[in-house]
Amino acid sequence: MTLSLQQLIKIFRDNIELANRVKNLIEKYTEKLVRKGLDRVKIMNFCGTHEWTTVHYGIRSLLPPEIELVAGPGCPVCITPSKYIEEAIRLSLEGVLIYVFGDAYKLPTVTKVNGAASLSEAKALGGEIEIVYSFLDAIKHFRENKGRVNEAVFLGIGFETTAPSYAVPIFNNMVPEGLYLLSVLRLTPPAADYALSAVIERGLEPVNGIVAPGHVSTIIGAAPWDEISRKYKIPTVVSGFEPTDLLLSIAMILKMICEEKAGVEVEYKRIVRYTGNQQALEYMYNVFYKHEASWRGIGFIPDSGLKLRDEHLGYDAYTRFGIKEPEKDSWVDDLHPSCKCAEVVLGLKKPVDCSLFLKACTPERPMGPCMVSLEGTCAVWARFGGGGKADEIAKSLGLW
Amino acid sequence: MCWGVPAKVLETDGVMAKVDFGGSIKDVLVINTDIKPGDLVIVHAGTIIGKIEEEELDNTLKLYGDLLRDSLIEDGMDPDEAEKNVREWIRYLLGENRDG
Ligand code: SF4
């Protein structure tokens, strides 16, 4: 029995009948919860791709009004502090080639560096910048351009999913001399923990369930989510990214809430193991170690970032160019004064709560980091209509 | 940014592999030593982050089946009848979507 790519997509993406059945299940569990007295269920996701699927496929409008899907910290571009982009701009204007993911190319800084407030502006001013799809592509490009380019820095943004793509070439000595990594890697579970406690601290309606990130969990496994689930006494389901995956995960969460179960279950079984990808984790922790890292607009979260270990400092952009990381004592929130990204990222506010949303801040001219990446919550809502309006329209049409 | 794209492995060579993204062929990095030609994998940022296990796909459908069964029984359907209903559904899904 062989499975093709098309068949896989057909099962989980283009299967209206399956989606409908799951939708009915969700309605049933919701009715049950309402009968039990829970008439508001808040489910938080921790992955920009889940938010993308949610909005792109209109998942919010398929759910009963009692169920609220909230986006948590799930976009590594959105939480990369301005300082790192400023350093990359500075280097690019000094003739060091900067490799950057397309997603972060327009990421705005809070202060301009030599007239540029993003790498795209730096490029217009003559900065050396190359958009790449991966660290591997940067390695290839750097090799092919050796001679013309002497030194280059890869702006190493990402969560656990991306960390192995840096760790494998570094560990296996595949990185040519002159190419350095500026690691801005961040870890998801510490941020999830931070966001969940922020909701409680601010006295907001508590989160009742978690949709855990499927691809992050491919690397770290389901186990770290089990810990968080038990700490907050709420269920977690590690979900895949097709629309039916997400619906099924929501149904599973509601069922667990009905049964008053905490802990983690995996919906994305076709790729996620409970203990994760051990070889990937080995690579990661052979090359990097955890440190207390800064998150844009938020500040420092313990053990939430990855830095290169001493034995790999030959590849370290901080060491080579004397770049200083932001410091806790002198940390200032690095957002435009009206930008609500910090709260959007933590699931405390929605993009529509920001006065700049789709007015001064648009995907073409982003003012805050959540409007830049394809998976930034503001950018997703701006492109596909969010949920607020769609919800209202659905209500007025009597679809609920 | 944690976007992952399914692909089929064509050949492997140490920590490198050639994969097919449904027509476009690309060189990617390999983390796991057990990845081999023919495997269906997920690629993120030029790296194979994991292998899609076909049996586990069946388990996902089973998850769905379990939920459906519970809800049918709750609706008052006889457990055997509910089981039959669920099996038929999964067969329909697999039959329609899979060879063999
Ligand atoms: S709309 Fe723009 S300014 Fe407002 S929170 Fe989103 S990214 Fe920030």
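Predicted model: local features only at pLDDT ≥ 70, side-chain atom pairs only at ≥ 80, totals over all residues.
Between chain A and chain B, the count is two salt bridges. In one of them, B:Glu53 pairs with A:Arg273, and the closest N and O atoms are 3.7 Å apart.

Chain A brings 60 residues to the contact, and chain B brings 55 residues. The size of an interface is often given as the accessible area lost when the parts come together. For chain A and chain B, the buried area is about 5200 Å², and carbon and sulfur atoms give 66% of that area.

I turn now to chain A by itself. Its domain assignment gives domain 1, covering 41–350, and domain 2, covering 351–395. In the contact between these two domains of chain A, 27 residues come from domain 1 and 27 residues from domain 2. Taken over C-alpha atoms, the centres of the two domains of chain A are separated by 19 Å.

What do these two domains bury between them? Domain 1 of chain A and domain 2 of chain A bury about 2400 Å², with 70% of it on carbon and sulfur atoms. On the domain 1 side, A:Val55, A:Asp103 and A:Lys350 supply 23% of the area buried against domain 2 of chain A, more than any other three residues. How many salt bridges does the rule find across the interface of domain 1 and domain 2 of chain A? The number there is zero.

Among the residues around the ligand are A:Cys339, A:Cys341, A:Cys354, A:Cys361, A:Cys370 and A:Cys378. A:Lys340, A:Leu356, A:Phe357, A:Gly368 and A:Met371 are also found around the ligand. Sorted by class, the shell has nine nonpolar residues, one polar residue and one charged residue.

Finally, chain B. Its domain assignment gives domain 1 as 5–52 and domain 2 as 56–93. The C-alpha centres of these two domains of chain B lie 34 Å apart.

Note on methods
Residues numbered from 1 in each chain as written. Chains lettered and ligands numbered in written order. Heavy atoms only, no water. Near = heavy atom within 4 Å. Nonpolar A, V, L, I, M, F, W, Y, C, P; charged D, E, K, R; others polar. Contact = heavy atoms within 4.5 Å. Buried area = accessible area lost by both parts, 1.4 Å probe. Salt bridge = Lys/Arg side-chain N within 4 Å of Asp/Glu carboxyl O. Domains from an automatic or database assignment.
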